[in-house]
Amino acid sequence: MTSLPRIRVARALAAGALSAVALSACATGLGDYEIGLWGDMPYSDLQAQVGVPNLIADMNAHALAFTVHDGDLKAGNSTAGSVTPTTCSDALYTQGLGYFNALRAPAMLTPGDNDWTDCDRSSNGGYNALERLDHERQVFFSTPYSMGQRRLRQEVQTDRLCLDHNGAATACVENRRWTYRNVTYVTVNVQGSCNNLCDTAPDAAEWTARNNANIVWLQQSFAQAKARGSAAIMLISQANPGWDQADPTRAPLRDPKTLAETDGQPDGFQAYLLALRDLTIDFQKPVAYVHGDSHYQRIDKPFLDAQGRRLENFTRVETFGDNAGNGTNDVHWLRVRVRPETREVFSYQPMIVPANRVAVPAP
């Protein structure tokens, strides 16, 4: 079945780069605006062919300043007999590029574990995980511009602090930053599957380099936001690192005071979270932390200081994620209204795509 949204995606894939209009990464001026957040999809043929095109059409019906996908362009394992790409073949990233260039607003991405760290699973094709990340860097991050039919120039982590698939130092070009109307946005390559410290082929050397690079990127980004007088910061990454003892089915268990993992699994997040906590406290203004990974849309305040007190200026925002067993049931997005002149800056509205409703059809 071919739908109008799918036709739009195909046309945009062919014409995206030609029709792009570059925008400044430091867009200035006052006034409210809206952005779109999504991730952890598509996970099935139905989502790839119907659900995501429906979602893109819905986002395109709104005047968004930009959109961000927080990683995972496929399920954790391939689907036998699928007609859309569900292994980590090159076709997967081509499909993703088509989606992003079908968006009228500038489109950003941060990689997900299903896109690269888990690609070494035999069910995903048994690829070298870092080679797949190198490929993503070429497909999605080869220029300082976003994707989408309008482009936004971003700041890039160009220092050679990460590793490529040959073990050589390379730039972490997937880590991006942009300031839009006095709010700073930052993407950080932080992954599920223990942040590449467990699963099929854990890689401690890769993790060490990237984790250190991520902490440097956080520090530089907060420093720049303070220097610019930004009203708030929004950080976007893939992993749910776990924040406390409350959610063992969806995230690592963690001592909320020390931020040490307590479930016996390799801890790929503690040093990163400790740095994030110190920076959040020092910044004082609103910090939104957007992630996917655990597939449960929620907005809450799970981050505590070393004395067990809630960080009032920190908000965790998890996007909708896959529910492949129920088709397009959770193929939706979050609309964020950004008002830099207000106290909390961000407000959030779940956007339930009418054409993707399953349990209760749209009226």
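**A kinked helix and its surroundings**

A: Helix α2 has a kink of about 35° at Gly51, shortly before the proline Pro53. The bend at a residue is the angle between axes fitted to the seven residues ending there and the seven starting there. The model is predicted: local features need pLDDT of at least 70 and side-chain atom pairs pLDDT 80 or more, while totals for chains, interfaces and linings use all residues. Residues are numbered from 1 along each chain as its sequence is written, and side-chain values use heavy atoms, with hydrogens and water left out.

The 16 residues of α2 (45-60) reach 22 Å from the first C-alpha to the last, close to the 22 Å expected at 1.5 Å a residue; the expected span is 1.5 Å times one less than the number of residues. Helices (H or I, at least four residues) and strands (E, at least two) are DSSP runs, numbered from the N terminus. Because 13 of its 16 residues are buried, α2 is largely enclosed by the rest of the structure. Buried means under 20% relative accessible area, exposed over 50%, and partly exposed in between (1.4 Å probe, protein chains only).

Next come the aromatic side chains. The whole structure holds 16 aromatic pairs. Phe140 and Phe141 are an edge-to-face pair, because their ring centres are 6.1 Å apart and their planes stand at 70°. Rings of Phe, Tyr and Trp (its six-membered ring) pair if their centres lie within 6.5 Å; planes under 30 degrees apart are stacked, over 60 edge-to-face, and the rest tilted. Phe140 is buried at 4% relative accessibility, and Phe141 is buried at 5%.

Phe222 and Phe283 also pair edge-to-face, at 5.7 Å centre to centre and 80° between the planes. Since Phe222 lies in α6 (204-228) and Phe283 in α7 (270-283), this pair ties together parts 61 residues apart in sequence. Both Phe222 and Phe283 are buried. One aromatic cluster is formed by Tyr33, Phe66, Trp178, Tyr180 and Tyr185.

As for the strands, an open sheet of 5 has the order β5-β4-β3-β16-β17, with mixed pairing. Its edge strands, β5 (107-109) and β17 (346-351), each pair on one side only. Two strands pair if DSSP finds at least two bridges between them. Strand β4 (67-69) runs parallel to β5 and is joined to it by 3 bridges, with Val68 opposite Met108 in β5.
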